[in-house]
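Trainee: I would like to learn how to read helix packing and aromatic pairs in a model. Where do we begin?

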Amino acid sequence: MSTTTLFIITFIIYCGVLLFAGWWASSREAMSGNSYFRGGNSNLFVFLFGTLSSIFSSWMFLGNPALLGRNGLAAGGWLIQVPLIGMCIHLLWNREYLLIKKYNLKTTGEIMGFFFESKGMQVVVAIVSCLYCIPYICAQMKGAGSILNILSNGQLSTDWGIYIIAIVTLVYMVLGGMKSTALTSAIQGFLLVCGFYGLAVFIIKDSGWGPMWENLASMGDEYITLPGVYGGYGWTYTLSYALVCSFGIICSPTYTMWIATCGKGFFKKSRRTAWIAWTLVCGFTYMVTMFVVGCGGLTLAPDLENMDNLVPVVMTKYFPVIIYCLVGVAAVAAAQSMAATSLQAANSAVTEDLIEDVLGKKMTDKQKLWFGRLITILFLVISMLLSNRFTSMIAILGSLGVTFGFMLMPAWFSCMFKPVFTKAGCISGIAAGSAVSIYLYASGSQLNMVLHFGFAGFIVNVAVAAIVSIFTKKPSAEKIWQYHGYLRNRLSPEKPVEIGGRSTADMN
């Protein structure tokens, strides 16, 4: 049996497992509109590996090794995002979880709309949520299509790879909604971690640890020094890229959706274990193995024209057949998991925020379920059509998506820490910052060599939000008390403070 045939059989088995998971999730209980979007209570395994797969996706498997292969070691500096992500999690997720459970909120738009008492704010956040998800889904589709094309030795075209992944994803999402998305993402996250370690081990085995770095250095000083082969990876760009990716990922609507799946008491019981495990698994995988896969892969395939294909090309040349098949499936899983969770987040933003909350179209449970399925199909079709129109490298396309999550930072800060920005300020800042980011991305401005386009847009966002907030009305004292008073009482009950003339000690 040929390697190509064995890979295709392995891939078919993998697709069968995902479809079975979707069927199992839908058959456990009668599917309702609420369970389609909320998915029940996540356990620690599902939450840990599900969120991990949602963060890394084909951005990790293909995109970042491609950047290292294209620019050398300089492109790895932005991996300081890993400890920054840990800091973001510590600062935001517990607060977000407490607000979601206290006020029965489901989406980022609901959290911010409730605080600012504004349907307009909820609409803006819902639009930003969709803008976040579409480039991310396109990046996953591009990655999955390329993987299937190369690993099947051309028997599946890139377009057919995209169609197959889209259809499988659509089926298990339509069947099981968030429950099947959570379950399959956890399976895919586990495969992703195992697959990436397998990549690193076999690249070291084939190239040798010492010779790998010697070969890299022999390719030229620009491969081992700043600002990289093609320039641009100076410290300002590297730091701004890391900030956009870390804060943009954790502030994204995808993770509000994940946190909403957790049952009451989950963070109190599991958050310390989850963060330690998440940091160890993700931190070591990302900070160490990424350099091995990217730089080691470059020394094994130095003349590759399309660096996004670095990982699958190295696999076809150097991997034993069984490892080739298993790691190949893990690579597909990396792409598919993020596509599914992004689809679910965009679906929730449209159905929950725009249709039900803003337009006030109260649907029956059955109507909500089927409308959610139709929106899933719509976003998947849009992403399929756009996938091959984006010419950027996968990592850059992914960073365009998280840029929109980063634009929500001023609003998150006002909701959770200090209400310095007003509703009008946040909306104006998001609009201005997003417009600047899109322009810089599309134009290929030279400024992108100094600052990541998303960070440049964020500077404009904060400046506009601060100026407009000076002249506009802040949230009501009652909303500030409901959010900031409640959070301060739950997080630091031993240190009561006064907020708006009321003491948090009175809540005890």
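Mentor: With the axes: each is a line fitted to C-alpha atoms, for helices over the stretch in contact, and the angle is taken between N-to-C directions, from 0 to 180 degrees. Two packed helices are described by the angle between their axes and the distance between the axes. Note that this is a predicted model.

Trainee: At what angle do helix α6 and helix α15 pack, and how far apart are their axes?

Mentor: Helix α6 (residues 119-151) packs on helix α15 (residues 394-406) at about 165°, and the axes are 7 Å apart. That angle makes α6 roughly antiparallel to α15, since angles over 145 degrees count as such. The crossing of α6 past α15 is left-handed.

Trainee: Which residues make the contact between α6 and α15?

Mentor: From α6, they include V128, L131, Y132 and P135; from α15, I394, L397, G398 and L400 are among them. By class, this contact has 12 nonpolar, 4 polar and 1 charged residues.

Trainee: How many aromatic pairs does a search of the whole structure find?

Mentor: The search finds 16. Planes over 60 degrees apart count as edge-to-face, and those under 30 as stacked. The planes of F115 and F116 are at 80° and the ring centres 5.0 Å apart, so this pair is edge-to-face. Both residues, F115 and F116, are buried. F455 and F458 form a tilted pair, because their planes are at 40°, with centres 6.2 Å apart. F455 and F458 are also buried. They lie 3 residues apart in helix α18 (residues 453-470), so about one helical turn separates them.

Trainee: Which residues do ring pairs link into a cluster?

Mentor: The cluster consists of Y103, F114, F115, F116, Y483 and Y486.

Key. Residues are numbered from 1 along each chain as its sequence is written. This is a predicted model: local features need pLDDT of at least 70, side-chain atom pairs count only at pLDDT 80 or more; totals for chains, interfaces and linings use all residues. Side-chain values use heavy atoms; hydrogens and water are left out. Helices (H or I, at least four residues) and strands (E, at least two) are DSSP runs, numbered from the N terminus. Angles under 35 degrees count as roughly parallel, over 145 as roughly antiparallel, 65 to 115 as roughly perpendicular and the rest as oblique. A crossing is left-handed if the near helix is turned anticlockwise from the far one by less than a right angle, and right-handed if clockwise. Contact means heavy atoms within 4.5 Å. Ala, Val, Leu, Ile, Met, Phe, Trp, Tyr, Cys and Pro count as nonpolar, Asp, Glu, Lys and Arg as charged, and the others, Gly among them, as polar. Rings of Phe, Tyr and Trp (its six-membered ring) pair if their centres lie within 6.5 Å; planes under 30 degrees apart count as stacked, over 60 as edge-to-face and the rest as tilted. Buried means under 20% relative accessible area, exposed over 50%, partly exposed in between (1.4 Å probe, protein chains only).
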